[in-house]
Structure formats: C-alpha cells, structure tokens
Amino acid sequence: MWLGGRLWLPVLGQVCSNLRCLAIARTWSACRRPMAERLSTGAEAASGLGAPAQQNGDAGGAARGEQPPGHPEPGGPGVEPVSEDTKQPSGNGERAPAAALGPAKRKKRRGAVGERVVPPPKKRRAGVSFGDEHFAETSYYFEGGLRKVRPYYFDFRTYCKGRWVGHSLLHVFGTEFRAQPLAYYEAAVRAGRLHLNEEPVQDLSIVLKDNDFLRNTVHRHEPPVTAEPIRLLAENEDVVVVDKPSSIPVHPCGRFRHNTVIFILGKEHQLKELHPLHRLDRLTSGVLMFAKTAAVSERIHEQVRDRQLEKEYVCRVVGEFPTEEVTCKEPILVVSYKVGVCRVDPQGKPCESVFQRLSYNGHSSVVRCRPLTGRTHQIRVHLQFLGHPILNDPIYNSAAWGPSRGRGGHIPKTDEELLRDLVAEHQAKQSLDVLDLCGGDLCPGAPDSTAPSSELSKDCLEEMAASAQKMDGAVEAAPGDLDGVPVTSGKATKIDVVNQETDPLCSECRRVPQDPLPQDLVMFLHALRYKGPDFEYCSPMPAWARDDWQEH
C-alpha cells in the first residue's frame, strides 16, 4: 500500500494542477467581457474628448478627460454610449459597468418639484492664449503722450464661490462687489446685464447654489499708459525679448486688459501665444522675456529654480548711496496683495539683494541692483529699508510711512493705518491707478469712496436701465457674445465702436478723469540685463540713469 500510495502521488498532483488552471480559466472568462466593455468605452471616450489643440501647446483638462469638481457624470459629451445589443451579461451574474449604460439607464440628478436645477460646470480649456477674437474687442488711440483704450463691453464670468453658496445675489453684491451701489445692480437686472447659468436674472433675491455660473456685462474703461512703443530687443524660434516701457502691465490684471504688453504685442506685432518667463512691476521698465512654446518656458523656469539666471537692474535713489557694495538680507512680508504693498518683517520670506553705486550727482545716486531672490517689490523694499528709496517711487518713498519713510524698518503705525494713509494720499492726488485701485475698491469708510455712484437717485437709475436695455438690444444683435469670444468659430466679434463708447449705466462715462502726465508714469527702476546659461539680453540705459541727468 505504501508503495502504491507513492505511485499515486504524481497523478494526484497533476489533477490538482488541472483543477487550478480550470478555475483560473473560468474566472478569466467571467471577467473578460466586462473588461473589454470598459476598454471599448474608454477608447470611445478618449476619441470623443479629443479637444482641439491648445494654442500654447498645453493640453487642457477636457482633453485629458479630467472632470471639474462636483461633476456627477463619469463621461463627457463625446462619450458614445454602448447600445443594448452590444452589452453581454457577465459570466458570474455581475451587472454591466456603469460606463456602458445607455442614456435611458443612467440615473439623472433632478431637484424637487419647483426647485432650480443647477447644471454641471463647463469644462475649461486650460492654458488658452489670447487670440484675434480678444484683440478685436476694442482699439487704441493716442492723445497727449498717452496710449488710451476705447471703452468696450466685457463679460466678467465666474462660478459660484463656496462662501457664496446659500446666500442671495443681493447679499453677494452688497458684501463683495461694492464698486457700485445696490441700486446699480438692480438697474443692471432690469437692463438684462446679469445672467445666472446663462439665463437673465429676474430677482437679486435668488439664492446661489454650488456650481452656479455668473456672467456680469459691464462697460469697461482702462487707465491710460505711456504712448512709448514696446521695442523688440531679440526674437528667435524660442523667445521674444522686449524693452518694456514703464506703466504698462505685463499681462491682463485688475483694470488693465488691452493696455498690457501681451495685448499690444498681439495687436501691433502679431506676436501671440507667448509665455511670460518672468514679471516686471507695472511701473518698472526694461528687459522682458517671453517663451514661444511651453517646452521653452519650462526649460527656462527650471533654470530660474536652479538659480542659474542672473538679473541686473539700475535705479536712481534718494541721497548719496555708499560707495562700497551693500548687501541686504532683510525678509519681506506682503502687507496687502490688493493694494500691492510689502515691508521688511522678521516673519517675511528670506531675500537677498546686492547694491553698488554707479554715480552721484549731488542730490541722487544711480545704483546697480542684483536681486539674488525674486520677492515682490524686493529691490524697492530693500532700498527703502536702507534709507535710499527710489527717487520717484509712489509707494515706498511716500510720507505715509512716517517721518523716516520706513528707513531701518521703522514704521510708527499699524498695517491698517499704513494702507489707509497710502490710499488717502493717492486719492487726494487722483492717482489711485498707481495702487491699481479705483474708487469702488475702497472701503465704505474711506472718503468719497462711493460718491460718484451713490449720488444717483433710484429714479435716475431706472431711467438709465431702460435706456441701457435699448442699447443692449443693438449690442446683442452683433455676432458673438460680449467678452469677445465668438459664437461662430473663426470670426472675431465686431461691435460698432459708437455703441461701445458710452453707456447710460456706466458711472465712469459720467466722470471726466484727469489724465496723468507722461513723466508721472515713469519710475526710476529699469531691468538692464538678464543672463542665463546660454543667453544674455541687455537693454539701453534709460535717460534718467545718465551721469549728466538733472532733476527738473
């Protein structure tokens, strides 16, 4: 028997092995069909979601099949549902995958009877550059040494923010959008200027929900900038390098859109789809670099992160700067992002700047600056700390900082008091644009913060709303919607300029702002040279940095 048992052992081992293989085969057969359906559906989704190529080479979230937050459906508009006759029941009785269900089988989100249903958020095309349809929104004209933008209609668009959910539109406008009185928004509703989920708002008491989409049509005015042209310093297949004049922002921000380097290069030099490689403050002039592709942009940004990029600036400062090289390593803290003010503070971020005097004319000094880090307003804040602020710096050479003007970090007031005094000083000079503010940005307690709008009576606003409604009918008849994105692809929006110049609801149309003088738009800080491992670009020395320059 023992010998017979030994003879049967190989046979039993073979039987067990065969049984294991049979079990694996059955399991694979049961899973194969659902897996094939998943793969087929995934391939269809990838094919259907293939968005057009992005203008700057970056694939957006829609092209990658990513879903916006809160999107309830796993598929997109391009996913073709699998028909009933192609679905096969799984071998183990499992239900077919949800992705394979047709529209009749998919559960739909429905609100209660009479409840407003919020559509899912639209997929955004991330990384799309500005194109001809945006550039055609309005035009420039030149007057008194200034570049000006003709007023135009523009749509501000946003999804409902989390803190707005459960609040009415009236509450949101009254607490977060105080540039206009509530009576203005009521008039805008009657004029058809406010839309919620692309439907005209009928009542400001409507309560906002998650994923609500808001569109507010406004009559937009941009501050003037210098008429000095943007000069090209270099251009090749990788980069565009320009000499940026003072007063022009690099890209759209705040009240600036067309009066920016990005838009001017696109409209006047046909240079589009550019990637800024660094930024300069609006009042700073000098070397400004753009990459032509996302790959070049990433390569140079990597060099920046690795500290391989050398930057050199030149400025004119108050008083006699020391002759020896001066290094400042004081940390810098942002006081207000909205107003754009920083100061030296132990709780700030580490910084380092190296300064060397180039000349002194008996009143002011020309100083070469090498920032070894890249903090906001770093050069300006460090020079203020050293007691030699830039001669005509409208922020850091202001009396609002106290008798010592911030020298040594001595500021005898709180941050709130400092901001209040800075705003009050520029409001008195009618130069709030220096702080990238307009009157409506100020808090209600600030003097005359809402005077231009609040002086209007409700009856007057109602008459204006009726007039605006008539005007909007003419505007809406034009091809394309109001933010310059065309309804029919490939055609730029064209709205009669006469219809855009004035608007009965616009408070700025009723003001006669005082234009700045061209010389008031120049700050004595200039980006002189940018150097990397395989490039170096320089701009000419500005006139105010010459040895024979004299103050007027």
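These numbered points describe a predicted model of a protein chain.

1. Overall make-up. The protein chain has 552 residues, and 43% of them are buried. Its secondary structure consists of 11 helices and 19 strands. Among contacts in the chain with a separation of 6 or more, 67% are between residues 24 or more positions apart.

2. A probe the size of a water molecule, rolled over the atoms, shows where empty space is left. Searching the whole structure in this model gives two cavities of 30 Å³ or more. The volume of the largest cavity is about 40 Å³. Its lining is made of Arg 343, Val 344, Val 381, Gln 384, Phe 385, Gly 406, Gly 409 and Ile 411.

3. What surrounds the largest cavity. Strand E15 (341-344) and helix H7 (378-385) each supply at least two of the lining residues. Helix H7 gives the most, with three residues. Sorted by class, the lining of this cavity has four nonpolar, three polar and one charged residues.

4. The second largest pocket. This pocket has a volume of about 810 Å³. Its lining counts 30 residues, and Lys 311, Tyr 313, Pro 371, Thr 373 and Gly 374 are the ones nearest its centre. The elements that give two or more residues to this lining are helix H6 (294-305), strand E12 (310-318), strand E17 (364-371), H7 and strand E18 (525-532). Strand E12 gives the most, with four residues. The lining divides into 11 nonpolar, eight polar and 11 charged residues.

5. Glu 352. This residue is in the loop between E15 and strand E16 (353-360). Leaving aside neighbours within four places in sequence, the residues in contact with Glu 352 are Thr 327, Cys 328, Lys 329, Arg 370, Pro 371, Leu 372, Thr 373, Gln 378 and His 382. Two residues on that list, Pro 371 and Thr 373, are also among those nearest the centre of the second largest pocket.

6. A stacked aromatic pair. A pair of aromatic rings is described by the distance of the centres and the angle of the planes. The structure holds 15 aromatic pairs. In one of them, Phe 173 and Tyr 185, the ring centres are 4.1 Å apart and the planes are at 10°, so the pair is stacked. Phe 173 lies in helix H3 (residues 169-176) and Tyr 185 in helix H4 (residues 182-190), so the pair ties together parts that are 12 residues apart in sequence. Both Phe 173 and Tyr 185 are buried.

7. An edge-to-face pair. The ring centres of Phe 524 and Trp 549 are 5.4 Å apart and the planes are at 80°, so this pair is edge-to-face. Phe 524 lies in the loop between helix H11 (497-501) and E18, and Trp 549 lies in the segment after strand E19 (535-538), so the pair ties together parts that are 25 residues apart in sequence. Phe 524 is buried, with a relative accessible area of 10%. Trp 549 counts as buried at 16% relative accessibility.

8. One aromatic cluster is formed by Trp 164, Phe 173, Phe 177, Tyr 184 and Tyr 185. Tyr 184 and Tyr 185 are buried in H4, as are Ala 187, Ala 188 and Val 189. After H4 comes Gly 192, which has a positive phi near 75°.

9. Charges over Tyr 140. The charged end of Arg 147 sits over the ring of Tyr 140, 4.7 Å from the ring centre. Lys 267 lies over the face of Tyr 140 as well, at 4.4 Å from the ring centre.

10. Asn 211 is a residue other than glycine with a positive phi, near 75°. Its place is in the loop between strand E5 (199-200) and strand E6 (213-220), and Asn 211 is buried, with a relative accessible area of 14%. Ser 247, also not a glycine, has a positive phi near 85°. Ser 247 is in the loop between strand E9 (239-244) and helix H5 (261-268), and counts as buried at 0% relative accessibility.

Key
Residues numbered from 1 in each chain as written. Predicted model: local features only at pLDDT ≥ 70, side-chain atom pairs only at ≥ 80, totals over all residues. Heavy atoms only, no water. 1 Å grid on protein atoms, 1.4 Å probe; cavity = no way out; pocket = protein on both sides within 12 Å on 5 of 7 lines; lining within 4 Å. Points joined across faces, edges and corners; volume = space filled by probe spheres on them. Nonpolar A, V, L, I, M, F, W, Y, C, P; charged D, E, K, R; others polar. Phe/Tyr/Trp six-rings, centres within 6.5 Å; stacked < 30°, edge-to-face > 60°. Buried < 20%, exposed > 50% of the residue type's maximum accessible area, 1.4 Å probe, protein only. Lys NZ or Arg CZ within 6 Å of the ring centre and 35° of its normal. Contact = heavy atoms within 4.5 Å.
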